[in-house]
Amino acid sequence: MSELLHEVAGGRAEFTDLIASLSPLICDTEALTPPMALAMAVTLGEIDRQSRDGDQAHVLVDRQSAPAVALLGSGVVAAANAAARQLFGITPGESHEALGINRAAFHAFRSRLFEYQGPSLLKVAPLQIGQPTLVMVGSYQQDARIFLLTVLQHSWPDSIDRALEDLFGLSLAEREVLAGLAQGGSAESIAAQRQRSLGTVRQQIKSILQKLDARTQVQAASFAAAAANAVSESGRSSDRLQVLESSTLTTGELTREGRRVGWRRYGRVGGHPVLLLHGPFFGVGEYEFERQLSAHFGLDVFAVERPGYGRTDPPMPQEDAVQCQVEDILLLLDRQGLEGIQVLCHDIAFLPALVLCERAGERVHSLTAVSAPAPLTPGMPLDPMPVQQRLFISAARHTAWLVRLLIRLGMSQMRKLGPERWIEPIFGEVPAEMALLRTPEFACGLPGAYAFNLSQSALGFEMDVLLTARDWTETARALRHPCTLFYGSENRITRPGLTSRLAELNERYVLRPIEGAGQTLALTHCETILAHLASERRDG
């Protein structure tokens, strides 16, 4: 078992293989055998140490717009962003040779870094005939103990291409040759790539130097690479400003007892105040249609990033996770002067929403819950659930560290899949919903949700799993506010039968089944849910 755990952690085995092996050992037993518990505890310690460095590496490469990789001191790939995975066809765990960097070149690069105490360059040999030689700029990241390598930008959008033509009189062929120089190519390699004679390319390079007033090819290449990099940086900034302007999404931070608490706001400023408590899968305000619909219905949505997600720090030692969330919420309500709020919660965020209603009921107008689970009482069978969910909850019933081990291993799989596919391990057993999340309408929000969920080693999800395994029956029974429960009739993760159990605990729960919907109800029926909030405010 220990060998399989390490294989999954290293990306050499699939997380689904581990689930299949562990399920009968964890789900069908009341206690782990001592040898198994010891082996798993030791493995968790090792993986925890690896994941701390690995998480920093992933954050660093994901910030780069150009293809970027993080190498360990041994030359093993610790992380690669989507652009690098596509360019090189690599995955974490492979060696630097998969990038076209031999041992001698990597050693020389490392020596230059430490000798000159600053970034250096590294040539990447083509892996296939006809491919150009790439140049990467690299630095050593002391905190993460990795080497960060980024491919020098060598391309630019059409607007810059036209500017090079207008300002410097570069022909199309000359602009293509200049891109080759910026990519680190020689006259010979550019000639081979463009299928032109060496003499023709040399003449074009001479013409480029004259038009750019450059003395050497290096100067011309540096100019082109700098222009491309500047375009990349300014493009990122303008894109963000455009998103903020079109969606009225703003973000802010609070500090409570030394902890950072992140929050977001979207919709119609000054409209009916709505407090959103997000679930573990889709992030907060990641979708343009969600923000536009909120504004359309006159809703001013304040979304608190729950502990362990996004920017919000985990609870202080010995602080209860639910009470921590409620204190964070109350701080935001005080700072924004919010009263008479409508609370909208997703998934297990239903529990802190209930506690908020109990503690500050005078500030709450009503509660709406989407795909809310019912409390799981001790001994309640988990058989109807998908095997992965059943495994996590069973692990929580055994011990908290076992949940952490499973999440660390699941993260390895998600990191391997990347921002566009990370959700597959979660919805793999629900093909209909997985197909839905692959459509352009919903896939566009997955990269943002990926960063939101994994930014703190999935600590938020870890706490949510532990909350799910709690028995909070009395809290659910004590609710004094009206509560509408939206749930999908085809939800295989939060089963309709579990949600409907809530109506047996308290007559204030009103069931609103949505035929054909699943766990993705918060996305697929966003308009229905927000329209309900708007009508509820009018009627109230």
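Reply: Let us start with Tyr509. Leaving aside neighbours within four places in sequence, Tyr509 is in contact (heavy atoms within 4.5 Å) with Phe350, Leu354, Ala476, Leu479, Cys483, Leu485, Leu502 and Ala503. This is a predicted model, in which local features need pLDDT of at least 70 and side-chain atom pairs count only at pLDDT 80 or more, while totals for chains, interfaces and linings use all residues. Residues are numbered from 1 along each chain as its sequence is written, and side-chain values use heavy atoms, with hydrogens and water left out.

Me: To which nonpolar core does Tyr509 belong, and which residues have the most contacts inside it?

Reply: In soluble globular proteins, nonpolar side chains tend to be buried together. A nonpolar core is a set of buried Ala, Val, Leu, Ile, Met, Phe, Trp, Tyr and Cys residues joined through side-chain atoms within 4.5 Å; buried means under 20% relative accessible area, exposed over 50%, and partly exposed in between, with a 1.4 Å probe and protein chains only. Here the largest core has 70 residues, and Phe350, Leu367, Leu502 and Tyr509 have the most contacts inside it. Another core, of 24 residues, lies apart from it and includes Leu293, Phe452, Cys526 and Leu533.

Me: How should a pair of aromatic rings be read?

Reply: A pair of aromatic rings is described by the distance of the centres and the angle of the planes. Rings of Phe, Tyr and Trp (its six-membered ring) pair if their centres lie within 6.5 Å; planes under 30 degrees apart count as stacked, over 60 as edge-to-face and the rest as tilted. A search of the whole structure finds 16 such pairs. In one of them, the rings of Phe350 and Trp472 have centres 5.9 Å apart and planes at 70°, so the pair is edge-to-face. Phe350 lies in helix α13 and Trp472 in the loop between α20 and α21, 122 residues apart. Both Phe350 and Trp472 are buried.

Me: Is strand β10 buried or exposed?

Reply: Helices (H or I, at least four residues) and strands (E, at least two) are DSSP runs, numbered from the N terminus. In β10, 6 of the 6 residues are buried, so the strand is largely enclosed by the rest of the structure. Ile341, Val343 and Cys345 are buried on one side, and Gln342, Leu344 and His346 on the other.

Me: Which strands pair with β10?

Reply: Two strands pair if DSSP finds at least two bridges between them. β8 and β10 run parallel and are joined by 4 bridges, with Val343 the bridge partner of Leu275. β10 also pairs with β11 in the parallel sense, over 6 bridges; there Gln342 has Ser366 as its bridge partner.

Me: Where is confidence lowest?

Reply: pLDDT is the predictor's confidence in each residue, from 0 to 100. Where pLDDT is low, the predicted coordinates should not be read in detail. The protein averages 82, and 86% of the residues score at least 70. Confidence is lowest in helix α10 (residues 217–247), at a mean of 52, and highest in strand β8, at 97. Over residues 231–246 pLDDT stays under 50.
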